[in-house]
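Hello,

Please find the structure below. My notes on the interface and on the aromatic side chains follow it.

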Amino acid sequence: MTDCLIWVVDDDADDIYLIEQGFRECSFNVRTFTPPNVTDLIPALEKTYLKDLPQVILLDINMPKVSGKELLGWIRADLRFRHIPVVMFTTSTSRNDRLECMQLGANCFLTKPNSYQSMVKVCSSLATVFCTPEFSQS
Amino acid sequence: MHYVLAVGADEDITFLDQAFHAQPGSIPVTCMNKGLNLWNFISGQLPAEFPFLIIIDQHLSDIDSLALLLRIKADKQLKLIPVAMMSGFAPEELIHEYYRAGANCFYRKPLDVTDWHHMAECLLTLFYNRY
């Protein structure tokens, strides 16, 4: 089973734990990684460039040190990482947030689920759509 | 609006249509078999009439699917409609090119009916927020 590397960029440890648990329930072998500091996202990507880039990044919006929208803008502006799907994964239900993130180049905008069952469903859908092991074989 | 717009080979579009109809609420699919027909259709729609998702087969019979994607994403109003590319096979660098062009996702074509239904459910979860 090919594994799938998903980066979870969030400042809330409880949310990170729930997301990781959600992915563990999937039939995909998902590896999650969370940068120790959200402001280190770009340096972390640079460190793994050409070696082990994530297949998708889950990005929170409301973080104290740096906004997820700002991070999204940085990723989309950098040709080296522009191809990486970025899914906004946030507690926000704001239509304006959704619109702004999609205009900035987010692939998808998801509000964090309220139940564990829904979290598993979302994680399974993310892995199914964004982790395509057959494609990674040249 | 609550429908999917899709373009691809007849057989695949049939499976896609059936898969979305089988979902709770029976999501309608407007099907095209040519990329230009899709463009003519969508470019004539008002925003209130836009689909919530466009699905494009990477191998189209009439035009280059990447060119179609670029045309959609270059339009100020159309660019916010999520576009899912589907393909039987594509090398990694080509997939990256579609993502750089603005594809919202790029997934492997399902192999059987169960997989088609599961993919429809996943796409509804992510792009219709059904969860």
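How many salt bridges does the rule find across the interface of chain B and chain A? It finds 1, where a salt bridge is a side-chain nitrogen of Lys or Arg within 4 Å of a carboxyl oxygen of Asp or Glu. The partners are Lys121(A) and Glu121(B), whose closest N and O atoms are 3.7 Å apart.

Before the rest, the conventions. This is a predicted model, in which local features need pLDDT of at least 70 and side-chain atom pairs count only at pLDDT 80 or more, while totals for chains, interfaces and linings use all residues. Residues are numbered from 1 along each chain as its sequence is written, chains are lettered from A and ligands numbered from 1 in the order in which they are written, and side-chain values use heavy atoms, with hydrogens and water left out.

Interface

Between chain B and chain A there are 7 residue pairs in polar contact, both residues being at pLDDT 80 or more. A polar contact is a pair of N or O atoms within 3.5 Å; within protein, one must be able to donate a hydrogen and the other to accept it, and residues adjacent in sequence count only if both atoms are side-chain atoms. On the side of chain B that touches chain A, the elements giving two or more residues are α4 (92–100), β5 (105–108) and α5 of chain B. Helices (H or I, at least four residues) and strands (E, at least two) are DSSP runs, numbered from the N terminus. The largest share of that side, 8 residues, comes from α5(B).

Aromatic side chains

The whole structure holds 4 aromatic pairs over all chains. Rings of Phe, Tyr and Trp (its six-membered ring) pair if their centres lie within 6.5 Å; planes under 30 degrees apart count as stacked, over 60 as edge-to-face and the rest as tilted. One of the pairs is Phe52(B) with Tyr128(B), which is tilted, at 4.3 Å centre to centre and 35° between the planes. Phe52(B) lies in the loop between α2 (35–43) and β3 (53–57) of chain B and Tyr128(B) in the segment after α5 (113–127) of chain B, so the pair ties together parts 76 residues apart in sequence. Phe52(B) is buried, at 11% relative accessible area, whereas Tyr128(B) is partly exposed, at 24%. Buried means under 20%, exposed over 50%, and partly exposed in between (1.4 Å probe, protein chains only).

Regards
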